[in-house]
Amino acid sequence: MAEPPASLSGQDVGSFAYLTIKDRIPQILTKAIDTLHRHKSEFFEKHGEKGMEAEKKAISLLSKLRNELQTDKPIIPLVEKFADTDIWNQYLEHQQSLVSESDGKPRWFYSPWLFVECYMYRRIHEAVIQSPPIDDFDVFKESKEQNFFESQESIIALGTHLQELLKTIEDLDENNLKNEFFKLLQISLWGNKCDLSLSSGNTSSQKTNIINSLEQFKPFILVNDMEHLWSLLSNRKKTRGKGTVSRVDIVLDNSGFELVTDFILADFLLSSKLATEVHFYGKTIPWFVSDTTIHDFNWLIEQVKHSNHKHLSKCGVDWENYIKMGRWVYHDHIFWTLPHEFCAMSQVAPDLYAELQKAHLILFKGDLNYRKLTGDRKWEFTIPFRQALNGFHPAPLCSIRTLKAEIQVGLQPGQGEQLTASDPSWLTTGKYGVFQFDGPL
Ligand SMILES: O=P(O)(O)OC[C@H]1O[C@](O)(CO)[C@@H](O)[C@@H]1O
Ligand SMILES: [Mn+2]
């Protein structure tokens, strides 16, 4: 097979990758520094002088990182010993080996965008863990929580919709059930608009009732494989024997509003018996500002459970029960916060690959997962999704993603060119979305 194309990179002046490294990432670092500053008195109350010293140290490490980036310094190895440090440093050496002698070392604007962007978040984490006793501080926690609170109205509308639906779910005919499934899939798709990394950590919440807008948003779904998902799950429901498992895995993206939409979908999957188990995968460290950690996952369920709104609190009670009964399972793995493309997973994290192979369907939420599925490369728009996956097929899978990076595969001939002509920024604003499936039909 021909070599895959080159990686997206900040070398391409004016590209979205370039602008992200030049503008968006330094803004995110500045915000992280500001957040630490604002928590100074909290650190003092909790840890006394030691807390103040730690805050200073973390800030100076982050300022140094921002300077390295803005002056395009070489990318340096991680120093603090952590579960993934060796793998990261090996990957760095690998990147080093790809740079020819005359070009010197991997650098921010020169190396693959996926690598340097992941590295930046890993270095933020390093700055924090090098600063005990505040080494468990999540610099993005505040903005994730704010996103949840600012989306309250929309969240209540979703909780109410779900609870109303559950009342009659047993009586729905096939067609109605399918329609509801499609609605909740689209809600989960548009929920992905609300990440905080694209907006440089600024608020990006959902303020209107998304259910009423689904028809209006439909023309913006560029690849729509929802029918495949329905066939796969409904056929399995009809043919599976009593007591057999139907497992859907969701590789999560953002906390806050998007996570609520994923929970609503996951609840529907169980309640409709389209699945008997849902497994979730989150991040082990704070990542791309808004990504879900176990802390965010539990925090959100607690918040929903204690809501004053009766439909919403019922959702929270049910979700907690699913976890207790093992029908919802949360998994951690360091692979999700490594810089590797997913086609390397079977080599780098064979245990995770084996876990994913147990699923009957895997849903990959969000843009970063799409970049990792396709290797973040300069593919032509018409290249088949399967080819871009480059051998990554643990189980039937579907990317549910709004477009926030200059990469899209599997389009019809001329479709990409037409979009470029009518809406030049179509790849990066989150206005368009895909349900892109790979697997036997
Ligand atoms: O939360 P999502 O959908 O993965 O999006 C995060 C996105 O942030 C960006 O990195 C911008 O900084 C996107 O290009 C990236 O993929
Ligand atoms: Mn994200």
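I am working with a predicted model.

Overall form. I counted 18 helices and seven strands. The radius of gyration is 22 Å, close to the 22 Å of the globule rule for 441 residues, so the chain is as compact as a globular protein of that length. Along the principal axes, the C-alpha atoms fill a box of roughly 65 × 60 × 45 Å. I found 58% of the 441 residues buried. Of the contacts with a separation of 6 or more, 80% join residues 24 or more positions apart.

The largest nonpolar core holds 81 residues, and Trp 108, Trp 336, Met 345 and Phe 392 have the most contacts inside it. Helix α5 (residues 113-129) gives this core its largest share, 11 residues. Domain 1 (16-130) and domain 2 (141-438) each contribute at least three residues. I then looked up Met 345. Beyond its neighbours within four places in sequence, its contacts include Trp 336, Tyr 353 and Phe 392. Another core, of 59 residues, lies apart from the largest one; Phe 182, Trp 190, Ile 211 and Trp 328 are among its members.

Metal site. Which residues coordinate the manganese ion (ligand 2)? I found Asp 253 (OD), Asn 254 (OD1) and Asp 291 (OD), at 2.1 to 2.3 Å. The spacing of these donor residues in sequence is D-N-x36-D. Asp 253 counts as buried, because its relative accessibility is 6%. Asn 254 is buried too, at 1%.

Conventions. Residues are numbered from 1 along each chain as its sequence is written. Chains are lettered from A and ligands numbered from 1 in the order in which they are written. This is a predicted model: local features need pLDDT of at least 70, side-chain atom pairs count only at pLDDT 80 or more; totals for chains, interfaces and linings use all residues. Side-chain values use heavy atoms; hydrogens and water are left out. A nonpolar core is a set of buried Ala, Val, Leu, Ile, Met, Phe, Trp, Tyr and Cys residues joined through side-chain atoms within 4.5 Å. Buried means under 20% relative accessible area, exposed over 50%, partly exposed in between (1.4 Å probe, protein chains only). Helices (H or I, at least four residues) and strands (E, at least two) are DSSP runs, numbered from the N terminus. Domain bounds come from an automatic or database domain assignment. Contact means heavy atoms within 4.5 Å. Donors are N, O and S atoms within 2.8 Å of the metal (3.2 Å for Na, K and Ca); water is not among the atoms, so sites may look incomplete. The radius of gyration is taken over C-alpha atoms; the globule rule is 2.2 Å times the number of residues to the power 0.38.
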